[in-house]
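Subject: Structure handover and notes

Dear colleague,

I am passing the structure below to you, together with some notes on what was found in it. Please read the notes with the coordinates open beside them.

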Amino acid sequence: MNPVNYLYLAALLFTIGGAGVMIRRNAIIVFMCVELMLNACNLAFVTFARLHGNLDGQIFAFFTMVVAAAEVVVGLAIIVTFFRSRHSASVDDASLMKL
Amino acid sequence: MSSFPLLTVTAVVPAVGAIATAAVPAARRTAAKWLALAFSLATLVLAGVIAARFTPGGARYQLSESHAWIADFGVRYELGVDGIAVVLIGLTALLVPFVMLAGWHDADVLEEHRPNRNWRPTQGFFALILLVEAMVVIAFESTDVFLFYIFFEAMLIPMYFLIGGFGDRAGAHSEDEQAKQRSYAAVKFLLYNLLGGLIMLAAVIGLYVVTAHQLGHGTFSLPQILQARAAGQLHMSTTAERWIFLGFFFAFAVKAPLWPLHTWLPNAMGEATAPVAVLITAVVDKVGTFAMLRYCLQLFPNASNWATPVILVLSLISIVYGALLAVGQRDIKRLVAYASISHFGFIILGIFAMTSQGQSGAALYMVNHGVSTAAWLLVAGFLISRRGSRLITDFGGVQKVAPLLAGTFLVGSLAILSLPGLGPFVSEFLVLVGTFTRYPVLGVIATFAIVLAALYVLVLYQRTMTGPVKAGIESMKDLRLRELVVAGPLIALLIFLGVYPKPVTNYINPAVKDTLSDVHKTDPAPQINAVAKETAK
Amino acid sequence: MDHLIGALVGAPLLGAGILLTGGRRLDRTGHWIGCLLSAASFVIGALLFADMLGKSGSARTMTSHLFSWVPVAGFQANVSFQLDQLSMTFVLLITGVGTLIHIYSVGYMEQDENRRRFFGYLNLFLAAMLLLVLADNYLLLYMGWEGVGLASYLLIGFWQHKPSAATAAKKAFIVNRVGDMGLSIAIMVMFATFGSFSFGPVFSHATSASQAKLTVIGLLLLLGACGKSAQVPLQSWLGDAMEGPTPVSALIHAATMVTAGVYLITRSSAIFNAAPAAQLAVTVVGAVTLLFGAIVGCAKDDIKKALAGSTMSQIGYMILAAGLGPIGYVFAIMHLITHGFFKAGLFLGAGSVMHGMNDEVDMRKFGGLRKFMPVTYVTFGLAYLAIIGFPGLSGYWSKDKIIEAAFAKGGTDGWILGGVALLGAGITAFYMTRVMLMTFFGEKRWVPDADGHEPHPHEAPRTMTIPMIILAFGSVFAGGLFSLNSSFLHWLEPVTGHTEGHSPVSTVLIQAATLVVLALGLGLAWVQYGRQAVPAVAPRGSLLTRAARRDLLQDDFNHVALVKPGEYLTRGLVYLDHSVVDGVVNGTAASVGGLSGRMRRLQNGYVRSYAVSMLGGTAVLVAATLLMRGV
């Protein structure tokens, strides 16, 4: 199979993720969409590694995973705390950081 | 060159003093005051040592220290003093102890409401003053443009806190209104000077680019640049030199301040306490005029000559405008601020008249203005704090109840109006003569200011000190011992500088000679050289 | 002997230092310290005088270099003194009259709690005045010049609690500053022209400078002289200066300081001799002031202000004489010395009258005082006779010479100047007789003051009368002594130069004419104030009288022409500074603030909208990169 197809898939996944981040209000869903975008990037990295025949892309994919894992830890913790104090998981309720 | 880093130590001592003072526990604030005073006196001793070790007429920059700092950008930690720097370091080191003594109780008001256990306004006040001193000293000492720039900008921060945090509480408004005015003044001071500094930063980078381009390695070192130019390796294009010059000059003109960039000064001096106002006008602002003499003229001689006509006109406007506005003020400290603007006009006029008398006069003027304004304004501060008001109309007849206060205030006033026999006269006359020999019309117009100076000084004295005793003045106390210790030596110094300024001019004259040869200027010769003819006979 | 010159200045300076810093503990002895140091200066002066008499010719000029004051490249100012016959004359006048007035003040200021400070200021004045006449260069002279201005300021405003005194002091200083500006610019012109401002080099090369330069220097020096010597147009301060204690009026505003202008012009004779246009200006100023002061003196009811008008007028004579050039210098100085005696005597007499009359100065409330204060009456009377130029007394010798010299100038100028001087002599006789009659003759007119205290006129204590008696001797004999064998002329001639004038009319005729106008003035005054009773309230008077009471509208003119426009200018500038110069700054700040206020709306706090803007931004960046690639 032509590896370029994987790139199309990655673009599709990224778009879905991006749309989800912008449209959905539930923090958990937004969070999942972010993960989706990250994974789309990973897919693209790996594909490029394959296309170019070196390992740079794969290494970057590992970095992304590490960062994503860290993000999950911090992000989920924030969401849980937020839910506890507001009894809501809607991101629109977290709009106090405006002037 | 000695191996002992005297210049570094002189700057480090007050900096260490600042840290030590800030670290004193909250309960021991009197100890903090004495500690800070001790450090400032130690700095004064070191400044004396610098003056003693310096050989007037010797090498241009002496006691030099030079170390690589940020090698990639050619930034060096380079210190060295010429005669003018020696004198100004002496002035700074001399004034700071008086500022501290005069402001001995200025932070006490803030001690009353103690929000938490670590609340230490007194320690902060004195530490900030020492910090300013350290930065001003190193700005006078540095011969590397970048190093200078850093401290030129950095001194704004402690000054900001001194103005905004420890303001004068003698305003006529409510507590809230005062706080608002104070923060307005402090922010205005900071923004105005930051703007000047930013433009200067662009010019500093421009200078680096030019040197990197022509010398192969970029440098900020003043001696290196001067050497390269003397050797013919460095030729700035006319346009580049002019733009970079303007960038530098703008920053210094804001700091000095020159009309029309002066409006921050009356606010800052009005809202700050009198000792802090002295620190602004007598110490920090001197860095601006000093830098004109050291950086503008030495780095950009051609551009300086090019810009001279405009600068002379602006300084002339400053002189007359400042004096006229001082006549129209109702607030004592704003009056002093406008008087200072007029005097800074004289200093800048003297620098750009490009004659030995003008520039020596200007350098001497910096010293005399520092001492005379300190004497005048610190005593005015004693007056203001007693009455709790800055408005001239709230005073009257003080002479009757507090003769010593009135007497010392009068001597300070007379110094401000340049009475012969007191320091400022010598420098003002030198500036006027130096200007006159090259630009007779400008010299004559500037001389009008001596009448205006008499007007604002004597009207202030008359309204506050003479006449029947006003309500609220009857029980005014005369000067205390601490206050006499502030006023007495300053007055003695004013008389000394007026009668025998030679020790100071000995330091200044060789430096001025070097600067004049940098800008390729010689004094205009008299039409008939009567002195030469006399000696020939 | 030369090094003693410094001590001349040093002694009173030391006194001023001790008295002004000594504090309250010197209150009981301070005045005697002041007198002692003033007398010490006089003794040193006398010693130097004796020494000088022993020498001859150019050896009489002594110099003493103390230290280098302001050395900057070509600008070399030294603190060094030069004592020649001209300076010596002044030294003796200043220290002599000064010491007498110190002694007088011991009595006069007895009740004043600040007597120590008063003596400190007096000593300061002596030091500055001596510095002025002893300096060997113009810058040092300038220091003395402003120093006496300071002393005058301090002493006029000595009773600071009186607003009128404080205002008068300030006015005197500021008007003087205008003159000082002239002097300082003159020094600058000298430096630019000669490369020096020391007497020696400037005078010896004066003739090689261009006429225009010399005229400019001369006119600027004249401006300085006008300020210090209260000449038109800078005369307005002298009348107000009478707010000071009377000994001050006697010493500073009659005998010594106000004559500094005459000294300046005489000292600069080398410059003026080579600048005829400047000389003409000097004579015009002198002639105008001579009449101006005399007219003002006729209308004043305040005894001190009448005397102040007279001082102005007499100095007008001196300035006129000095403007005549070598035919007049000697007589200017001679009149200055005799005037020093009789005018100081008159003021001390006036002070004595005030002392006895609860500080009343209105002559309409005096009258018949000769019975109550015989010593004051006699000494004042002798000084009076001297000032009007009664034959044989001091004023006669010196004033007549000036009138003769004015005629001797020749041409139309000579006739006009001579005529003015002659007319002035007549008016002098009128107003001085008026003062004499209103004060010492006629019926007593005093009334109880506001508190109901009836004045009890009495003779002054001995510390006051002795100086008056000594000055009266001077008023009577000094002029004759100076004229004996033209001794004063020979004494000063080596310094100022002298040429005999050739009067178009015979000297005898001029002397006769002088006596006639004197008799006329005297007679007119007697008709008006001697024969008929003096009304206690001043009559309305003619237009001229009313103008003269207001000092010929000088203050009104200054107010309209200078003070008011100045006020409007400063007020306008304050507004301009606040609204335009600062307005631009604050306007910039405000517009930046407004812009950011609008930008702030973009921060709505919704994560989704931030995500959109991030995505949009990334899309723009990617598109831009691709487009750049494509190009």
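The notes below go from the contacts between chains to the individual chains.

Please keep in mind throughout that this is a predicted model.

Chain contacts

Two pairs of chains touch, and of these the pair formed by chains B and C has the most contacts. Chain A and chain B, by contrast, do not touch, and their nearest C-alpha atoms lie 21 Å apart.

Chain A

An unreviewed UniProt entry lists residues 6–23, 28–48 and 60–83 of chain A under "transmembrane region". In the model, residues 6–23 of chain A are 100% helix and 0% strand, with 25 Å between the C-alpha atoms at the two ends. Residues 28–48 of chain A are likewise 100% helix and 0% strand, and here the end C-alpha atoms are 30 Å apart.

Chain B, around B:Thr8

B:Thr8 sits in helix H1 of chain B, which spans residues 6–23. Is B:Thr8 buried or exposed? Its relative accessibility is 17%, and because the limit for buried is under 20%, B:Thr8 counts as buried. When its neighbours within four places in sequence are set aside, the residues in contact with B:Thr8 are B:Glu65, B:Tyr77, B:Leu79 and B:Glu141.

Chain C, the hairpin

Strand E1 of chain C (residues 62–72) pairs with E2(C) in the antiparallel sense, over nine bridges. The two strands, E1(C) and E2(C), form a hairpin with two residues between them, and in the turn C:Ala73 has a positive phi of about 45°. One of the bridges joins C:Pro71 to its partner C:Gln76 in E2(C). Strand E2 of chain C, covering residues 75–83, is mostly covered, with seven of its nine residues buried.

An unreviewed UniProt entry also places the annotation "domain: NADH-Ubiquinone oxidoreductase (complex I) chain 5 N-terminal" on residues 69–119 of chain C. Over residues 69–119 of chain C, the model has 57% helix and 25% strand, and the end C-alpha atoms are 28 Å apart.

Chain C, two helix pairs

Two packed helices are described by the angle between their axes and by the distance between those axes. For helix H4 (residues 115–134) and helix H10 (residues 246–255) of chain C, the axes come within 12 Å and cross at roughly 5°. As angles under 35 degrees count as roughly parallel, H4(C) and H10(C) are therefore roughly parallel to each other. On the H4(C) side the contact is made by C:Phe118, C:Leu122 and C:Phe125, and on the H10(C) side by C:Pro247, C:Val248, C:Leu251 and C:Ile252.

Helix H11 (residues 260–267) and helix H14 (residues 303–323) of chain C pack at an angle of about 5°, with 10 Å between their axes. This angle makes H11(C) roughly parallel to H14(C). In this pair, C:Gly261, C:Val262, C:Ile265 and C:Thr266 of H11(C) meet C:Ile315, C:Met318, C:Ile319 and C:Ala322 of H14(C).

With best regards

How values were computed. Residues are numbered from 1 along each chain as its sequence is written. Chains are lettered from A and ligands numbered from 1 in the order in which they are written. This is a predicted model: local features need pLDDT of at least 70, side-chain atom pairs count only at pLDDT 80 or more; totals for chains, interfaces and linings use all residues. Side-chain values use heavy atoms; hydrogens and water are left out. UniProt positions are given in the numbering used here, feature names are shortened, and annotations may be inferred rather than shown by experiment. Helices (H or I, at least four residues) and strands (E, at least two) are DSSP runs, numbered from the N terminus. Buried means under 20% relative accessible area, exposed over 50%, partly exposed in between (1.4 Å probe, protein chains only). Two strands pair if DSSP finds at least two bridges between them. Axes are lines fitted to C-alpha atoms, for helices over the stretch in contact, and angles run from 0 to 180 degrees between N-to-C directions. Angles under 35 degrees count as roughly parallel, over 145 as roughly antiparallel, 65 to 115 as roughly perpendicular and the rest as oblique. Contact means heavy atoms within 4.5 Å.
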